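Hello,

Here is the structure I promised to pass on. My notes follow below it.

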Amino acid sequence: MQLGAHDMLNTAALDIRAAVSDVRVASEWMAGFAAAQNVPPEQINRLDLCLNEALANVISYGNEAALTQPVLLRMHVRCEHGACEAAVTVSDAGMAFDMAHAPIAERPHSLAEAEPGGLGLLMIRSFSDALTYQRSNSRNELTFCVRWNGQAAA
Amino acid sequence: MPIEFEDTSDTLRTIRIAGRLDLVGTDEIATKFAALSTVHDRRVVVDLTGVSFLASIGIRSIITNAKALQQRGGRMVLFVGSNESVAKTLETTGIDSLIPLFSDQAAAVAAASA
């Protein structure tokens, strides 16, 4: 996207451990930066859901590399002529796994046949407006984005 | 206290959960939530009005305990009141088709007791 004189692009980055205790650190970092950029609360909640599901996937299913190397978080908030988007990229060193295209388990028809689990993929795809994946430098890079009409902070 | 309960009759229990049901928050309440839900032949209303954030790990916990209760002859319903974000998460994931979901407390109690 090419930015004009009246467009804003603000970025932030954070490295965390692939650990349960750092998930809230990540959430608070994301929410704080987003709020400072005038991202509406509803959009922050959507980003928070996606961020939690992405990190939960790394922590729950990651191999040794995923769990011992830092998880890199990058975020940007961008507004162009009132069309805004906020995007978070989660980069982990685990084995390749494409959350954007992995098959989603069929939903059960009753509580009796429901198996806990498998909701993370559904949630991250449902609550993001765009979801992209790439493998780069032996790392998974998952980017989720939410969009709204408004203005970013100057 | 992020989880508490009230037995309003011999057959009806309300479990109130508050705070963030993320990885940390769900782990904090998991043992007590399971203990409160694994009662024989009791109806349970889970009050989620005080939940500020509901991740899939929190939904897993709800499903697990609802199944355990059902296997003991009981029934679980969910009460969300005006908590739109939690209601949307439950509806988006289709949980409302597995466990009845109510915004009205009286309706939740009636459905649990039916």
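Start with two helices of chain A. The axes of α2(A) and helix α4 (residues 119-127) of chain A come within 9 Å and cross at roughly 150°. Axes are lines fitted to C-alpha atoms, for helices over the stretch in contact, and angles run from 0 to 180 degrees between N-to-C directions. Helices are DSSP runs (H or I, at least four residues), numbered from the N terminus. α2(A) and α4(A) are therefore roughly antiparallel (an angle over 145 degrees).

Who meets whom? In α2(A), Arg46(A), Leu49(A), Cys50(A), Glu53(A), Ala54(A), Ala56(A) and Asn57(A) meet Gly120(A), Met123(A), Ile124(A) and Phe127(A) of α4(A). Contact means C-beta atoms, placed from the backbone, within 7 Å. Seven of these residues are nonpolar, two polar and two charged. Ala, Val, Leu, Ile, Met, Phe, Trp, Tyr, Cys and Pro count as nonpolar, Asp, Glu, Lys and Arg as charged, and the others, Gly among them, as polar.

The model is predicted: local features need pLDDT of at least 70, side-chain atom pairs count only at pLDDT 80 or more, and totals for chains, interfaces and linings use all residues. Residues are numbered from 1 along each chain as its sequence is written, while chains are lettered from A and ligands numbered from 1 in the order in which they are written.

Now the two chains together. Their contact takes 22 residues from chain A and 20 from chain B. On the chain B side, α2(B) gives the most, with nine residues. That side has ten nonpolar, seven polar and three charged residues.

Best wishes

Methods. Angles under 35 degrees count as roughly parallel, over 145 as roughly antiparallel, 65 to 115 as roughly perpendicular and the rest as oblique. Two residues are in contact if their C-beta atoms, placed from the backbone, lie within 7 Å.
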